[in-house]
Amino acid sequence: MKQNRDEWLEAAMTQWEVPLLRTCFLLLRDRQLAEDAVQQTFLKAWRAYEGFRGECSEKTWLMRIAVHTCRDVQRGKWLKHVDLSVCMGDLPPAAQPFEEADDTLARAVLALPEKQRQTVVLHYYQGLTVQEAAQAMGISRRAAHDRLAKAQRALKEALEGWYHDE
């Protein structure tokens, strides 16, 4: 039996706020826009909670709402006039502490075309399977797989010399 919407929302926010915020930031490249997108995501999910049939995981469902919300934000006319240069210091903190690291890979991911970036973020950063990432983006599994392959080729080219194969 489903819990009531308010209880669900509180639990979902505790569990998924940081992953959603990190995803929205990587898609929108702006912390304030990402925070607004996460709030909108939870509001949309709260409104649609009764209709959630469990055909995918809760994480996949919320990521799909977040991706669509970020697309809506990107389509807004005023956004075309906003400076979207990314400052890595604005990225929300990770759930686990980490040592100071080279941000070359993150910058290369942020430089990918939007559709490839979405796929990489959902699959590699959020740990969704290719099928779950495809569901979250509303595309076929094959399309998601193709986007990942293109992104991998672009990243390999962009990062040539930065890493070494063992």
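Let's start with Leu20: setting aside its neighbours within four places in sequence, this residue is in contact with Val38, Thr41, Phe42, Leu62, Met63 and Ala66. Leu20 also belongs to the largest nonpolar core, where it is among the residues with the most contacts. Keep in mind that this is a predicted model.

**The core**
- The top contributor is α1, which gives 10 residues.
- As a rule, nonpolar side chains in soluble globular proteins tend to be buried together.

**The overall build**
- It's helices here: the chain has seven of them and zero strands.
- Going along the sequence, you read α-α-α-α-α-α-α.
- Of contacts between residues at least 6 apart in sequence, 71% join residues that are at least 24 apart.

**Inside and outside**
- The chain has 166 residues, and 40% of them count as buried.

**A nonpolar patch on the surface**
- Leu105, Tyr124, Tyr125 and Trp162 make up a nonpolar surface patch, and together they have about 400 Å² of accessible area.
- One of these, Tyr125, sits in helix α5, which covers residues 114–125.
- Tyr125 counts as partly exposed because its relative accessibility is 36%, and partly exposed covers the range between under 20% (buried) and over 50% (exposed).

Note on methods: Residues are numbered from 1 along each chain as its sequence is written. This is a predicted model: local features need pLDDT of at least 70, side-chain atom pairs count only at pLDDT 80 or more; totals for chains, interfaces and linings use all residues. Side-chain values use heavy atoms; hydrogens and water are left out. Patches are made of residues with over 30% relative accessible area and no salt bridge: like charges are joined within 9 Å, nonpolar side chains (Val, Leu, Ile, Met, Phe, Trp, Tyr) within 5 Å. Accessible areas come from the Shrake-Rupley method with a 1.4 Å probe; for residues, only the protein chains shown count as cover. A salt bridge is a side-chain nitrogen of Lys or Arg within 4 Å of a carboxyl oxygen of Asp or Glu. Helices (H or I, at least four residues) and strands (E, at least two) are DSSP runs, numbered from the N terminus. Buried means under 20% relative accessible area, exposed over 50%, partly exposed in between (1.4 Å probe, protein chains only). Contact means heavy atoms within 4.5 Å. A nonpolar core is a set of buried Ala, Val, Leu, Ile, Met, Phe, Trp, Tyr and Cys residues joined through side-chain atoms within 4.5 Å.
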